[in-house]
Amino acid sequence: MQLKWGIVGTGRICQDFCLALLTCDPHEHAIVAVSSRDKTQADNFVKEFDFGNQVRTYGSQEELFEDPNVDIAYIGTIEHVHRDLCIKALTNNKHVLCEKPLAMNVDEIQQIIDTARKTKKFMMEAIFSRFFPIYNYLRDAIKQIGTVTFVECTFCVNGLVTSGCWSTLMAMSCYVVQAALIAFNHEEPESVTATGHTREFQGEITDTMANITLLFKNNRMAVLTCLGQDIGAINSLIIHGTEGVVSLPTHFWAPTRIVLPNGHHVDHHLPETIRKTNFVHSAGLRYEAIACRDQIMSGKTEHPLMTLENSLQIARIVEEARKQILSSKH
């Protein structure tokens, strides 16, 4: 049975999501609608993909949510409007996959969760990392290294600050935080300590570079770094346990290789897309789409690998980290 997708937004991540969807089984996934605040942009989006007349275009998000042919809305707009769009989609009886960050703060996420549970529709934050096949190996390997004691993770996106990103933490810290929480089985940290650099952006102080330290009971910790500057960095995840180490040596948020505790590595290559994606390894967005369909077809409203409580926990940590960094500059 097909899951019929409505694409909310026409930006680069929406383009990549469609490219990834087109690598999926067409009997299981179909793009049926695209919306933008400007209908011309939606029309151009459909033309660029050569979707033809089978994909409807709308000049408002509300029109897409009202389309009875849409089963699930993929929301790939700026995060400032995620809460309102998620709530509107859910109340219009749509399932929702919403790009990270799910909303601007914990309170907004809680409002989305309350609506999802009231409407009994499937709802998930699109942290696609967790659905990469390599993450299955990662979860298994963590069980082989004894007690996890130390996690180190670095994420650098060159040009993020200069391209106009308003907050490095809001844009990318969910990836390092979610990785650490997988390692510690979503245990709540005893403390969150964050330091970093800031700048003035459009009249307000915002973060550009951050280090987050999570302390867990029994002398365990995670050190997580987010960088938005034009510098060289290895985007790696290393998980240290009492009986071994496992690592994602590069592209930890969208990995195609893992180094197992025995020193051997496993590779998993991504499928080809019909054209080059905007972001590295975006073909892997297909895995979260497949995961959504599996749960929806089973009558589930959440995915066990990325629950709504997981989203809340990640947001609590990010919100506290950002609060500490910004408050230190006033």
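This is a predicted model: local features need pLDDT of at least 70, side-chain atom pairs count only at pLDDT 80 or more; totals for chains, interfaces and linings use all residues.
Which residue forms a salt bridge with K39? Residues are numbered from 1 along each chain as its sequence is written, and side-chain values use heavy atoms, with hydrogens and water left out.

The partner of K39 is D43, and the closest N and O atoms of the pair are 3.1 Å apart. A salt bridge here is a side-chain nitrogen of Lys or Arg within 4 Å of a carboxyl oxygen of Asp or Glu, and the structure holds 12 salt bridges. Both D43 and K39 belong to helix 2 (residues 39-49), where they are 4 residues apart, about one turn of the helix; helices (H or I, at least four residues) and strands (E, at least two) are DSSP runs, numbered from the N terminus.

Turning to a loop, T23 is found between helix 1 (12-21) and strand 2 (29-35). A polar atom of the T23 side chain lies 2.6 Å from the backbone oxygen of A20, and the side chains of T23 and R286 are joined by a polar contact of 2.7 Å. A polar contact is a pair of N or O atoms within 3.5 Å; within protein, one must be able to donate a hydrogen and the other to accept it, and residues adjacent in sequence count only if both atoms are side-chain atoms. Leaving aside residues up to four places away in sequence, T23 touches P271, E272, T273 and R286, where contact means heavy atoms within 4.5 Å.

On the scale of the whole chain, the domain assignment, which is automatic or from a database, gives domain 1 (3-129 + 289-304) and domain 2 (133-267). Their C-alpha centres lie 27 Å apart, and 9 residues of domain 1 are in contact with 9 residues of domain 2. The area buried between the two domains is about 850 Å², with carbon and sulfur atoms giving 64% of it; buried area is the accessible area (1.4 Å probe) that two parts lose on being put together, summed over both. In domain 1, the residues that lose the most area to domain 2 are K100, F128 and S129, together 54% of what that side buries. Between domain 1 and domain 2 the count is 0 salt bridges, whereas 3 residue pairs are in polar contact (both at pLDDT 80 or more).
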